[in-house]
Amino acid sequence: MKKQEINITAIKQNTDLACGATAVLKKGEGRSLKAGGLWVYDNEIAEVKGNFEEGAVLSVEDFDGFFMGYGFINSASKIRIRMLSRRREDRITPAFLEKRVRDCWEYRKAVIDTASCRLIFGEADFLPGLVVDKFSDVLVVESLAFGIDRLKPLLLESLKKVLAQDGIFIRGVYERSDAKVRLQEGMERFKGFIGEPFDTKVEITENGVRYQVDVKDGQKTGFFLDQKNNRAAIQKLCAGKKVLDCFTHTGSFALNAGIAGARSVLGVDASELGIAQARENAKLNGLADRVTFTCADVFELLPELEKKGERYDVVILDPPAFTKSRQATKNAVKGYREINLRGMKLVKDGGFLATCSCSHFMEQELFGKTIKEAARGAHRRLRQVEFHTQAPDHPILWAAEESYYLKFYIFQVIEERL
């Protein structure tokens, strides 16, 4: 689908961007919307009155004419309309969108270190389908909905303006809209510069650890900012300890262990590119003598380490999402159970296990149940030390369940004695 971007030079701050069309819900539909959600599905709509272009902003009414809000439409998507505002007086204008962006920034300033952070988190920031990460003075953008793609130039200009008012000047913007989910929106996958090219290797500092972030070829937007506080949480456990970091990616948990004074750290990942970056990051922090990395399949390596009699004071499990759909949850449970069982067996008596799931569909209750089953299979007892979710720059909107995805536990692992 060809995108038709809003021409930011041809509009004024008070220009109404709505096309004048109206989507009417079927009687009895829109329950999620009425509960505070932001999505209207294709089978919930009775008709659309008036003409519209794909991605255009229109109004939404209930079957009886009650005004429900404004959103953008995409006939190619099962999520037919994504809402932008709920009040009739909140017309979708450039001024309204700038205020949304400003609200995002003011929230981040209040809750997290903004040197590098997620500035916009889609539905949870009431800008559905848009993700913007800030790595020092570089922005990385991910657009996952056709309507937000049309508004993207306007939103980015507003964001740079808002940041500049606080003395923060952005030297470059890179787009990482290469996720497969764009195909479900009838959109092509895309990655490339927005504006002038720049060096896409960006150095950031988080929790006292320096990283080289590859915004062009790294996973997702280049770095997983959502684990910022969880990485900090493991530091206090690692001084003088032997640590194993599984699914290390570019070494983030491993380096936090190293910077905290771990005696030795082994990071494992199946990605050769990730391991190469992790080794460079270890050198950058002067930790290459104590923090080492190996490229291997974690599921294959952990049983080998167990057979060799290896034991660790701290084991960290940060796997990728084992399921991206509700239908695949059953197989994901098997994966999480196996990896946690193997991880627990490698923890010394009284040591610690940090384990997480980044899948929205692996709900907290199910994840906890799976860990409990793994502990039973490993003949270990668990004492919960901490539980966290994603960092607050990835806010959880209670009316949008998909915004809650990361579950992170720290346990003390105790061998059965009774």
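Is phenylalanine 411 buried or exposed? I started my notebook with that one. Phenylalanine 411 comes out as buried, at 7% relative accessibility. A reminder to myself: this is a predicted model.

**Entry: phenylalanine 411**

I looked up where this residue sits, and it is in strand S20, which covers residues 407-415. Next I listed what phenylalanine 411 touches, skipping residues up to four places away in sequence. I got Gly351, Phe352, Leu353, Thr355, Ile371, Leu382, Arg383, Gln384 and Val385. I also picked valine 101, which is 310 residues from phenylalanine 411 along the chain. The C-alpha atoms of the two are separated by 38 Å.

**Entry: helices H9 and H10**

Ile371, on that contact list, turned up again here as one of the H10 residues that meet H9. H9 runs over residues 329-345 and H10 over residues 364-378. Their axes come within 8 Å and cross at roughly 45°, so H9 counts as oblique to H10. I noted the crossing of H9 past H10 as right-handed.

Who makes the contact? On the H9 side I wrote down Thr329, Val333, Tyr336, Arg337, Asn340, Leu341, Met344 and Lys345. On the H10 side I have Leu366, Phe367, Thr370, Ile371, Glu373, Ala374, Ala375, Gly377 and Ala378. Sorted by class, the contact has ten nonpolar, four polar and three charged residues.

**Entry: cysteines**

How many disulfides does the structure hold? I found zero. I wanted a reason, so I checked cysteine 295: the closest cysteine sulfur is in cysteine 246, 13 Å away, and that is too far for a bond. Cysteine 295 is partly exposed, with a relative accessible area of 35%.

Cysteine 356 is in no disulfide either; its nearest cysteine sulfur belongs to cysteine 358, 6.6 Å away. The cut-off I used for a disulfide is sulfur atoms within 2.5 Å. Cysteine 356 counts as buried, at 1% relative accessibility.

**Entry: threonine 93**

Last stop was a loop. Threonine 93 lies in the one between strand S6 (79-85) and helix H2 (94-111). Then I checked its partners, leaving aside neighbours within four places in sequence. Threonine 93 is in contact with Gln13, Asn14, Thr15, Asp16 and Leu17.

Notes:
Residues numbered from 1 in each chain as written. Predicted model: local features only at pLDDT ≥ 70, side-chain atom pairs only at ≥ 80, totals over all residues. Heavy atoms only, no water. Axes fitted to C-alpha atoms, helices over the stretch in contact; angles between N-to-C directions. Helix = DSSP H or I, 4+ residues; strand = E, 2+ residues; numbered from the N terminus. Parallel < 35°, antiparallel > 145°, perpendicular 65-115°, else oblique. Left-handed = near helix turned anticlockwise from the far one by under 90°. Contact = heavy atoms within 4.5 Å. Nonpolar A, V, L, I, M, F, W, Y, C, P; charged D, E, K, R; others polar. Buried < 20%, exposed > 50% of the residue type's maximum accessible area, 1.4 Å probe, protein only.
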